[in-house]
Amino acid sequence: MDVMSLDPKIADRLKRNSDGLVPAIAQQYDTGEVLMLAWMDDEALHRTLTTGRATYWSRSRREYWVKGESSGHQQWVKEVALDCDGDAILVKVDQIGAACHTGDRTCWDADVLEPVVGERPR
């Protein structure tokens with residue numbers, strides 16, 4: 001793959017952590033289901049935008065990974081957006097199979113916490 005750089009207009013908007021990473025939320029494009037959280041640096045975001053496949057930076061393996069490359073549980077990119085502060089990325093995808101490394105469809109259903117339910121002021 002040709003190593004190219006992220007468009008400077010996008011790169012200038014990103015607010016990275018001390019490791020040069022930005023959190024990326026993957027969301028099912030048609031249902032709004034939140035699938036997973038991963039991390040991107042400039043190169044991962046560039047690859048995601050130019051290949052149509054969600055590409056992340058693995059903090060544990062210290063390498064890029066294309067979601068589903070080994071598992072077959074692929075993420076086909078439909079839309080990518082930065083939040084208003086540039087400190088988070090939303091990747092709307094068409095998820096094939098499980099998104100979570102545990103084999104679950106989403107990483108957000110295994111440990112649901114019970115909040116105190118408040119009433120909205122009128």
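**Notebook: loops, strands and an annotated site**

I started at Arg62, which I found in the loop between strand E3 (55-58) and strand E4 (63-66). Helices (H or I, at least four residues) and strands (E, at least two) are DSSP runs, numbered from the N terminus. The model is predicted: local features need pLDDT of at least 70, side-chain atom pairs count only at pLDDT 80 or more, and totals for chains, interfaces and linings use all residues. Residues are numbered from 1 along each chain as its sequence is written, and side-chain values use heavy atoms, with hydrogens and water left out.

**Arg62**

I looked up the backbone angle. Phi of Arg62 is near 55°, a positive value in a residue other than glycine. Most residues other than glycine have a negative phi. Is Arg62 buried or exposed? Arg62 is exposed, because its relative accessible area is 59%. Here buried means under 20% relative accessible area, exposed over 50%, and partly exposed in between (1.4 Å probe, protein chains only).

**Whole chain**

I counted two helices and six strands in the protein. From the N terminus the order is α-β-β-α-β-β-β-β. The C-alpha atoms fill a box of roughly 50 × 35 × 30 Å along the principal axes. Of the 122 residues, 33% count as buried.

I then checked contacts, meaning heavy atoms within 4.5 Å. Of the contacts with a separation of 6 or more, 44% are between residues 24 or more positions apart.

**Annotated domain**

UniProt (unreviewed entry) gives "domain: Phosphoribosyl-AMP cyclohydrolase" for residues 36-108. UniProt positions are in the numbering used here, feature names are shortened, and annotations may be inferred rather than shown by experiment. Over residues 36-108 I noted 14% helix and 38% strand. The end C-alpha atoms of that stretch are 7 Å apart.

I next traced E5 and E6. They run antiparallel and are joined by seven bridges. Two strands pair if DSSP finds at least two bridges between them. Trp76 stands opposite Asp94 in E6. The hairpin has six residues between the strands, and Gly86 takes a positive phi near 75° there.

Val80 lies in strand E5. Val80 is partly exposed, because its relative accessible area is 27%. Leaving aside neighbours within four places in sequence, I listed its contacts: Leu45, Thr48, Leu49, Ile89, Leu90 and Val91. I also checked Val80 against Trp57: they are 23 residues apart in sequence and 16 Å apart in space, C-alpha to C-alpha.

**The annotated binding site**

Which residues carry the "binding site" feature in UniProt? The unreviewed entry places the feature at Asp83, Asp85 and Asp87. I followed two of these.

Asp85 is in the loop between strand E5 (75-82) and strand E6 (89-95). Asp85 is partly exposed, with a relative accessible area of 39%. Leaving aside neighbours within four places in sequence, Asp85 is in contact with Arg13 and Lys15.

Asp87 is also in the loop between E5 and E6. Its relative accessible area is 32%, so Asp87 is partly exposed. Which residues does Asp87 touch, not counting residues up to four places away in sequence? I found Lys15, Val22 and Pro23.
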